[in-house]
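Please open the structure in a viewer and keep the sequence panel beside it.

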Amino acid sequence: MTEMIRATGLVKRYKEVEALAGLDITVPEGKVLALLGPNGAGKTTAVRVLTTLIKPDAGTAQVAGVDVLADPVGVRARIGLSGQYAAVDEHLTAYENLVMIGRLYHLGKGKAQERAHALLERFDLTEFAHRPSKTYSGGQRRRLDLAGALVAEPPVLVLDEPTTGLDVRSRQQMWDVIRELVAGGATLLLTTQYLEEADRLADNILVIDHGRGIAEGTADELKARTGGERIEVVLADAEDRDAATRVLAEVTVDGVRTSDNGRELTAAVSGGAADLLRVLQGFERETVTVVDVGLRRPTLDDVFLALTGHVAEESESSGGDSDTDETQKELIR
Amino acid sequence: MTATKQPLAHTISDGWVVAQRNVIKIKRVPDILVFVLISPIMFVLLFAYVFGGAIDVPGDIDYKEFLVPGIFAQTVVFGATFTGYGLADDMQKGIIDRFRSLPMSRSAVLVGRTTSDVVYNVISLVIMALTGLLVGWRIREGVVDALLGFVLLLVFAYAISWIMAYVGLLVPSVEVVNNASFIVIMPLTFVSNAFVPQESFSGPLQTFVEWNPVSTVTQACRELFGNTAPNVPVPDSWAMQNPVVYSLLWAAAIVAVFAPLSVRQYRLSTSK
């Protein structure tokens, strides 16, 4: 199978901060790789190297068989980038934005207009096609931005946090659109802070922390390493502990853990909501009173905790708020 | 591996696409235009009716005739700030990332910006000419000469645009562009013959005035529009004797220096 993205040993330093510390990325043709990590892990920096926006200090990268350092223009002709800040001109309409992008890909005016119409239709933007994009909602802007990445039908798509900052409904819509693209055979690199997003969209997940990969695998493989989903119970009275433990023991796949104060119980499960229902029925039967009970799916934090022994750090000493901030500054300079 | 080449045709066509986009913006956000135009109009009124009475122009000519070509020169120099402002604005927005990720020509953003600002300068010259006519300025030479005068102003404006493009790429924000450009613009426009006759400057300042390209553009316009006093000799520096040629040489030199500098700066901020 051909590798559409292949990067080895990428290093990028910003003053004292090592945004990338020897990152390797491989994405086979037609597959989706999610770069999963907290703010500041180096996701955006990796994207910027692969899309030729910045040069790495060390390491090599090929996209669609073209070297990002030797032939950046060649790479740009083969990629579509959609960033976390919707990169559309807010004074231009959706139609004007897409035609402009098409012409800058050198599609020719006629073809650019044709593509613009097709994409507006596909992304449900026809209704506002001739209004300046600054009047759009966040979700509409993001869809327009994604449409921009598809204008030239590039073989490789790079989406940098495509749903960060979107509300639940817009996020769902974006997921649908992205899944359609994937079904159409696109090779996709996507960055995200959400395990759920990576789970839904990606074939493979690369977890990164401090600029290097710390684990790679399918969503199921990663979840298996984090202990998967679990039911958490907070008892009203510690005296119910034994009864509650008996109920939880019927459904758990890995034993019941109890907190030091005896009121918080955790049980790894595999049956999802059905298990939760059984537990609730059990509590009813045994007259166990709870303050809180819930099914918890593993989050990025759990993955991190399992893989690194520490929770995902939002910021560290100099890593600051994120690599995006760092690159923003870089961009302005 | 050989790098994909960018033919010159791409620079031109990409620059054209970016220029069209910028012109659409002038249409959509006309407030910026209004804002930038108000100051030259204020200058016309201020100098024509407030300071004008105190300024002595040698020879037999009305001060307003003397003033308006100078205001033209000042307007195009001030107008160039728009280039720096527009670029700095682009650089701060996500759209620049989009441009950088496209296989477009690297200089297209700059070529497009300086080109679209010609449109802006045409609009502002039309408005300034109308204001001039209102206060009593007249074109007294032929149409061809007058057109030449306006073309010279546009060429000079285009050159100054490249300086401001460089400033816009160097400084981090739109606000700073404004301040930084004033450092260049103020001495150039005020230590010139645009508002006061050069005879009123003393010693070394007068030499600066005589060789200041803003002065020679002003002088060229005065001659081409027929706004010179017949009985006053032209200052005898080569620059003032040959104002059109001298101004064009300046324009060419500015573009030759600042276009490559700007493109380099654009690439630098791109490839970090």
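**Stop 1: colour by confidence**

This is a predicted model, with an ipTM of 0.84 and a pTM of 0.79. Colour both chains by pLDDT before selecting anything else. Chain A averages 85, and 91% of its residues score at least 70. Now select residues 315-333 of chain A, where the pLDDT is below 50. Where pLDDT is low, the predicted coordinates should not be read in detail.

Turn to chain B, whose mean pLDDT is 87, with 98% of its residues at 70 or more. Within chain B, confidence is lowest in helix α2 (residues 30-51), at a mean of 82. Helix α7 (residues 143-170) of chain B has the highest, at 93.

**Stop 2: the sheet of chain A**

Select the strands β6, β7, β8, β3, β9 and β10 of chain A, named here in their order across the sheet. These 6 strands form an open sheet with mixed pairing. At its edges stand β6 (79-82) and β10 (212-217) of chain A; each has a single partner strand, so one side of each is left without a neighbour in the sheet. On average, neighbouring strands of this sheet are turned by 15 degrees against each other, direction ignored.

Then move to β9 (residues 204-209) of chain A and β10(A), an antiparallel pair joined by 5 bridges. Here A:Ile208 has A:Gly213 in β10(A) as its bridge partner. The two strands form a hairpin with 2 residues between them, and A:His210 takes a positive phi near 50 degrees in this hairpin.

**Stop 3**

Select helix α5 (residues 138-150) of chain A together with β6(A) and β7 (156-160) of chain A. The helix lies across both strands and runs at about 170 degrees to β6(A).

The axes of α5(A) and α6(A) come within 9 Å and cross at roughly 20 degrees, which makes α5(A) roughly parallel to α6(A). The crossing of the two helices is right-handed. Show side chains for A:Gly138, A:Gly139, A:Arg142, A:Arg143 and A:Leu146 of α5(A), and for A:Ser170, A:Gln173, A:Met174 and A:Val177 of α6(A), which make the contact. By class, the contact of α5(A) with α6(A) has 3 nonpolar, 4 polar and 2 charged residues.

**Stop 4: where the chains meet**

Display both chains. Which elements of chain A give two or more residues to the side that touches chain B? In all, 34 residues of chain A are in contact with 27 residues of chain B. The elements in question are α2 (72-76), β6, α3 (94-104) and α12 (323-332) of chain A. The largest share, 5 residues, comes from α3(A). The side of chain A that touches chain B has 19 nonpolar, 6 polar and 9 charged residues.

**Stop 5: helix α4 of chain B and its partners**

The crossing is right-handed. Among the residues making this contact are B:Tyr85, B:Leu87 and B:Met91 of α4(B), and B:Met164, B:Val167 and B:Leu169 of α7(B). The contact of α4(B) with α7(B) comprises 8 nonpolar and 5 polar residues, with no charged ones.

The axes of α4(B) and α6(B) come within 10 Å and cross at roughly 140 degrees, which makes α4(B) oblique to α6(B). This crossing, too, is right-handed. The contact includes B:Phe82 and B:Asp90 of α4(B), with B:Arg113, B:Asp117 and B:Tyr120 of α6(B). By class, the contact of α4(B) with α6(B) has 4 nonpolar, 3 polar and 3 charged residues.

Definitions and conventions:
Residues numbered from 1 in each chain as written. Chains lettered and ligands numbered in written order. Predicted model: local features only at pLDDT ≥ 70, side-chain atom pairs only at ≥ 80, totals over all residues. pLDDT = per-residue confidence, 0-100. Helix = DSSP H or I, 4+ residues; strand = E, 2+ residues; numbered from the N terminus. Left-handed = near helix turned anticlockwise from the far one by under 90°. Contact = placed C-beta atoms within 7 Å. Nonpolar A, V, L, I, M, F, W, Y, C, P; charged D, E, K, R; others polar. Pairing = 2+ DSSP bridges. Axes fitted to C-alpha atoms, helices over the stretch in contact; angles between N-to-C directions. Parallel < 35°, antiparallel > 145°, perpendicular 65-115°, else oblique.
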